[in-house]
Amino acid sequence: AFTPRVFSGIQPSGGLTLGNYLGAIKRFVSMQDEAYETIYCMVDLHAITVWQDPADLARNTRELAAGFIASGISPEKSILINQSQVPEHAQLGWIFNCVARMGWMKRMTQFKDKAGKNAEAASLGLFGYPALMAADILIYHATHVPVGEDQKQHLELTRDIATKFNHDYGVDFFPLTEPVIEGAATRVMSLRDGSKKMSKSDPSDASRINMTDDADAIAKKIRKAKTDPDALPSEAAGLAERPEARNLVNIYAALNDQTVDQVLAEVGGQQFGTFKPLLAELAVAKLSPISEEMARLMADTAEIDRILARGADQAREIAAPILQKTYEIVGM
Ligand code: ADP
Ligand code: NA
C-alpha cells in the first residue's frame, strides 16, 4: 500500500490566472487538511519547453510561489518546491523517456495545441514533457493529483508509464495515480471566446483574470466578457448550449463554494447587466486579499527563497530513496 500523497504543479511561464486558481490551487489548499501528504511545485523545467526570458522566469517562479502561499498553501502543512531544485525529477524523467513510446506522445492533444502548425520547430522538451510530468508525480509515489480537466490525458499517460515500467521489470513499484478533477470550474474558459480555455499563455489579456489584476481591471474584464442576450436560467440544464453564460456562472459558483444549481436558484431570471456586477464584486472580494498578500511577499523574496530551499530538502528525503530503488530495479 502506498502512503496517500498528493503532488501537483503549475508552470511559472507567466502570471497566475483565475483558471489556475479555481481549477487547481483552491483544491491544493483544501487537500492540505485532508489525510494526505501534500507536495506542490513550480515546474520551471516544463516552462522552458517554450522560450522564457531568464529574468522573467526567475521572477515568475517566485511570484508563483507567492501566489501559492497567498492562496493558503502553508509551508508548515505542505512541501513547496521549485522543480529544478530537486534534480531527482529530471533523473527519473530520463528513465521514463525510455519507457514511454513515441506513439503515445504523438497522441497528446496539448502538444498539438501548443506546437501549432509547425510541429517540426517545437522543442524536443515540449514533445517529451508528459514523461517528465509522470516523473514529477511518481518520484514521490504520489497517489493523487489535483488538476484541471486539460491535464486528464497527461494523467492517463502517467498511469501508462507506471504500468509499463512495472510490467517490463516485473515489479509492483510505481502506483497508478488518480487524477482529482472536481468542482464547478475544472475548465474555466476564456472571457473572449467560450471555446478556448482561460490561459496565461493567451496573447489577449482581456481573455483572462490574472491573480495580480486590481479591482478595476477585474470589474472591467467581467463587464466586457462575451455573453448572450438571454436571461439566466433557473437550472444548470438551461446553460447546456450557452458556453459563455455557463462559464460565468461556473466561475461564480466556484468562487463562492456553491454548486451551479445553488447559484441559479438565486440569480435565475436575471440579465447579465445585473449578474455581471455581482460576479465582479464577488471576484474582487475573493481575489484582492490574495493579490495584496502576493505583493507583500514579493517585496522581500528572501522569505520565499528560504521556504523553497527548505522544501527542496524535504522533497529530496522522499525522492532520493525512490530514485535509488528505481536505479536498482533497472540494473544501475
Ligand atoms: P496554463 O494553462 O495557464 O499555462 P498550467 O499548464 O501551468 O497552466 O496548469 C496548471 C494547473 O492549472 C493545471 O492543473 C491545469 O489543469 C490548471 N488549469 C490551467 N488552466 C485552467 C483553466 N482554464 N481551467 C481550469 N484549470 C486550469
Ligand atoms: Na495546462
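Sorted by class, the shell around ligand 1 holds 5 nonpolar, 11 polar and 4 charged residues, where Ala, Val, Leu, Ile, Met, Phe, Trp, Tyr, Cys and Pro count as nonpolar, Asp, Glu, Lys and Arg as charged, and the others, Gly among them, as polar. This is a predicted model, in which local features need pLDDT of at least 70 and side-chain atom pairs count only at pLDDT 80 or more, while totals for chains, interfaces and linings use all residues. Residues are numbered from 1 along each chain as its sequence is written, and chains are lettered from A and ligands numbered from 1 in the order in which they are written.

In total, 20 residues surround ligand 1, and the closest are Q11, G19, G23, V147 and G148; a residue is near a molecule if its C-beta atom, placed from the backbone, lies within 6 Å of it. Helix α1 (residues 18–32) gives the most to this shell, with 4 residues, helices being DSSP runs (H or I, at least four residues) numbered from the N terminus.

The domain assignment of the protein chain gives domain 1 (5–180 + 300–330) and domain 2 (205–296), with bounds that come from an automatic or database domain assignment. The C-alpha centres of the two domains lie 29 Å apart. Across the boundary, 12 residues of domain 1 are in contact with 10 residues of domain 2, contact meaning that the C-beta atoms of two residues, placed from the backbone, lie within 7 Å. On the side of domain 1 that touches domain 2, the elements giving two or more residues are α1 and α3 (54–71), and the largest share, 5 residues, comes from α3.

Two helix pairs are set out here, with axes fitted as lines to C-alpha atoms over the stretch in contact and angles running from 0 to 180 degrees between N-to-C directions.

| Helix pair | Axes come within | Crossing angle |
|---|---|---|
| α4 (residues 88–97) and α13 (residues 301–330) | 10 Å | roughly 25° |
| α10 (residues 243–255) and α12 (residues 272–299) | 10 Å | roughly 40° |

The contact between α10 and α12 is made by L248, I251, Y252 and L255 of α10 and L279, L282, A283 and K286 of α12, and by class it has 7 nonpolar, no polar and 1 charged residues. In the other pair, E88, Q91, L92 and I95 in α4 meet R316, A319, A320, L323, T326 and V330 in α13, a contact with 6 nonpolar, 2 polar and 2 charged residues.
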